[in-house]
Amino acid sequence: MDVFLSEKNRAVRRSVRTFCKRELMPIAKDIDQEARFPWEVVEKMGKLGYFGVQIPKKLGGAGMDAMSFIIVIEEISRVCAGLGLCLSVHYGVGVYPLMAFGSEEQKKKWVPPLARGEKIGAFCLSEPNAGTDAGGIEATAIRDGEHYIINANKVFVTNGGVADFCLIFARTNPEAGRKGISVLVAERGTPGFVVGDLEDLCGMRANPVSSIRLYDCRVPVENLIGKEGMGLQIGLRALDTGRMGIAAQALGIAQAAFEEAVRYAKERHQFGVAIAKHQAVQMMIADMATQIDAARLMVYRAALLSHQGKPFSQASAMAKLFASETACKVTDMAVQIHGGYGYSKSYPVERYYRDARVTRIYEGTSEIQRIVISRGVLGM
Amino acid sequence: MDLNIIVCVKSVVVDAPEGRVVRSTESCELNPFDRPVLEVALHLGEVCGGAVTAISMGPEASALALTETMAMGVGRGILISDPALAGSDTLATATALAAAIKKLAPFDLVLFGTRTADSDTGQVGPQTAVLLNLPLVTWAHSIEPVTSGLHIERRADGFQEKFELSFPAVLTVHPGSVQPRDVGLHGIELAFAESKVESWSLKKLGLSPEQVGEQGSPTRVLSLKRIKKERKCEFLPGSAEEQAAELVRRFVDTGMVV
């Protein structure tokens with residue numbers, strides 16, 4: 001698999017792995033149980049450049065390629081999926097739309113602190129009545145002179161509890177249907193910007209997922225990203241990058257579960273031999289290894305296409321679909337290999353099992369990925 | 001007090017697919033015991049001013065380990081690489097390193113790790129110091145710059161020794177002396193995009209092929225095989241107190257507890 005990685009990519013992997021082993025591994029179990037966002041580690045991650053992997057150097061980022069971004073997400077997720085999610089959403093659907101559609105002034109104003117991890121980004125699309133059907137959002141941003149007045153109720157906002165910089169999808173023209181949706185920046189602290197209660201989630205518990213509500217929140221017209229009516233176009237482009245990140249996250253979770261399963265299978269004895277000697281376990285190990293390998297190939301291909309500036313929407317959707325479903329299958333098998341202990345919090349595989357499940361849901365369900373892929377195949 | 005510090009590092013083998021040792025960028029990486037040494041050097045450079053240079057000897061693939069030192073903050077990386085160096089033992093390696101270090105004079109401090117992760121002789125640092133005719137302190141645990149040079153604390157065999165050392169000098173640095181800094185992405189990008197590892201041949205060092213490689217090596221590795229560690233589990237009988245007493249007795253008998 002390393003044949004796809006440059007020496008620089010491998011150096012990135014080594015450094016992130018070393019950091020995770022020392023800083024994240026000792027607390028990963030606790031921050032999951034306590035549902036705590038580990039600011040003390042996040043600050044260090046910011047200084048090391050993890051929040052700005054692909055952001056150009058002149059804007060405070062590391063100026064690296066998409067493969068390095070994928071590797072950082074994969075390695076962090078291998079230890080703590082909630083923080084892998086934080087990074088993926090921060091850049092993939094938080095900063096990237098600004099880089100792709102924002103003006104130079106907007107980039108200069110917002111990107112440097114985001115690149116350094118001093119501020120954290122979020123993507124606010126889902127609402128109580130709109131998720132997969134993004135065109136059904138009800139939030140409004142009505143122009144009033146040099147401002148927009150935003151009213152919105154956004155739910156399941158990843159990083160919501162800590163985000164300073166939120167991309168809000170809202171209708172600037174309520175009569176124009178899907179073409180009336182725009183993207184605006186709302187910053188924490190603006191009057192009317194309210195962070196709701198944190199969700200008590202099954203997995204990804206280190207990530208402060210919350211609702212964000214905007215009540216008559218006035219933002220200057222300079223906070224509009226792109227032009228009015230470009231909202232869905234921006235959102236879909238962002239999700240191509242975002243899905244690649246989520247695919248890498250799922251890959252990291254699967255890899256962690258696989259490593260634990262292999263270790264346990266060699267240690268645990270039943271019928272006088274290590275359970276790794278039993279063919280039933282060997283079959284599972286082989287399936288896990290093969291599926292992870294295939295998922296990794298797909299994720300790396302999407303990253304390579306993105307780096308080469310080629311279309312990667314289809315590859316990204318396929319990678320996200322396959323990697324997330326692989327994560328669920330692999331974590332399930334890892335629990336099975338552990339038997340009763342796998343269902344206990346004494347072993348980490350139950351956490352991986354919980355973390356994996358949502359990767360099939362957010363940033364486009366497996367079902368919507370299949371629709372994206374089939375449209376690409378059928379040309380419809 | 002600007003210090004000119006030289007750190008000698010090694011690219012060690014971490015993977016031998018199908019039992020074969022092939023030194024490539026995939027199978028080798030910077031010796032983990034060298035990272036604390038680099039931290040000591042970079043910290044001294046930050047406190048006292050000056051420059052840090054890393055040197056390594058090995059095939060071309062070893063340049064990657066030097067690039068990693070530059071990602072940590074080292075200013076200059078030099079790889080001693082020449083086909084005639086193949087088969088060098090520790091003395092031949094020290095001969096090449098000493099020749100390169102002399103080329104970098106004037107210098108104040110030459111630092112080594114105490115060991116490497118792939119062969120663990122611990123000889124190269126002391127041998128190089130002897131060839132350079134410089135004072136040496138091994139297993140340095142803490143290093144403090146003072147007006148006259150350095151105060152070194154050395155810990156070994158349950159004792160703590162303190163030394164005062166004037167420049168130039170050689171140290172081997174205990175791996176537990178400091179926590180090496182994390183390598184950030186900015187440093188990696190800078191090292192790979194803009195830094196270039198210099199390559200020095202034997203000719204540049206002024207050495208002849210007879211002084212290094214197999215010809216210049218008084219020792220030979222005759223064979224290499226993995227030692228199979230066997231573990232056995234034994235249940236000690238008796239009450240908890242009796243079991244504990246028996247366990248302690250065995251530890252004492254085997255020299256694990258004094």
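Modeller: In this predicted model, Pro32(B) counts as partly exposed because 15 C-beta neighbours lie inside 10 Å; a residue would need 20 or more to be buried, and 12 or fewer to be exposed. Pro32(B) is placed in the loop of chain B that runs between β3 (28-30) and α1 (35-48). Asp15(B) is 17 residues away from Pro32(B) along the chain, and 14 Å separates the C-alpha atoms of the two.

The chain around this residue may be described next. Chain B contains 7 helices and 11 strands, and its C-alpha atoms fill a box of roughly 70 × 50 × 40 Å along the principal axes. Of its 258 residues, 40% count as buried. If one takes the contacts in chain B between residues at least 6 apart in sequence, 71% of them join residues at least 24 apart.

Strand β7 (residues 136-146) of chain B has pairings of both senses to report. With strand β10 (residues 169-173) of chain B, β7 pairs in the parallel sense over 3 bridges, and there Val137(B) has Leu171(B) in β10(B) as its bridge partner. With strand β8 (residues 149-156) of chain B, β7(B) pairs in the antiparallel sense over 6 bridges. Ile143(B) stands opposite Ile152(B) in β8(B), and a hairpin of 2 residues joins β7(B) to β8(B).

Chain B also meets chain A: 14 residues of chain B are in contact with 17 residues of chain A. On the side of chain B that touches chain A, α2 (63-72) and α5 (185-194) of chain B are the elements that give two or more residues. The largest share comes from α5(B), with 5 residues. By class, this side of chain B divides into 6 nonpolar, 3 polar and 5 charged residues.

The axes of helix α3 (residues 66-79) of chain A and helix α4 (residues 81-101) of chain A come within 7 Å and cross at roughly 155 degrees. Because angles over 145 degrees count as roughly antiparallel, α3(A) is roughly antiparallel to α4(A). From α3(A), Phe69(A), Val72(A), Ile73(A), Ile76(A) and Ser77(A) meet residues of α4(A), namely Ala81(A), Leu83(A), Gly84(A), Leu87(A), Ser88(A) and Tyr91(A). The contact of α3(A) with α4(A) has 8 nonpolar and 3 polar residues, and no charged ones.

Technical notes
Residues are numbered from 1 along each chain as its sequence is written. Chains are lettered from A and ligands numbered from 1 in the order in which they are written. This is a predicted model: local features need pLDDT of at least 70, side-chain atom pairs count only at pLDDT 80 or more; totals for chains, interfaces and linings use all residues. Helices (H or I, at least four residues) and strands (E, at least two) are DSSP runs, numbered from the N terminus. Axes are lines fitted to C-alpha atoms, for helices over the stretch in contact, and angles run from 0 to 180 degrees between N-to-C directions. Angles under 35 degrees count as roughly parallel, over 145 as roughly antiparallel, 65 to 115 as roughly perpendicular and the rest as oblique. Two residues are in contact if their C-beta atoms, placed from the backbone, lie within 7 Å. Ala, Val, Leu, Ile, Met, Phe, Trp, Tyr, Cys and Pro count as nonpolar, Asp, Glu, Lys and Arg as charged, and the others, Gly among them, as polar. Two strands pair if DSSP finds at least two bridges between them.
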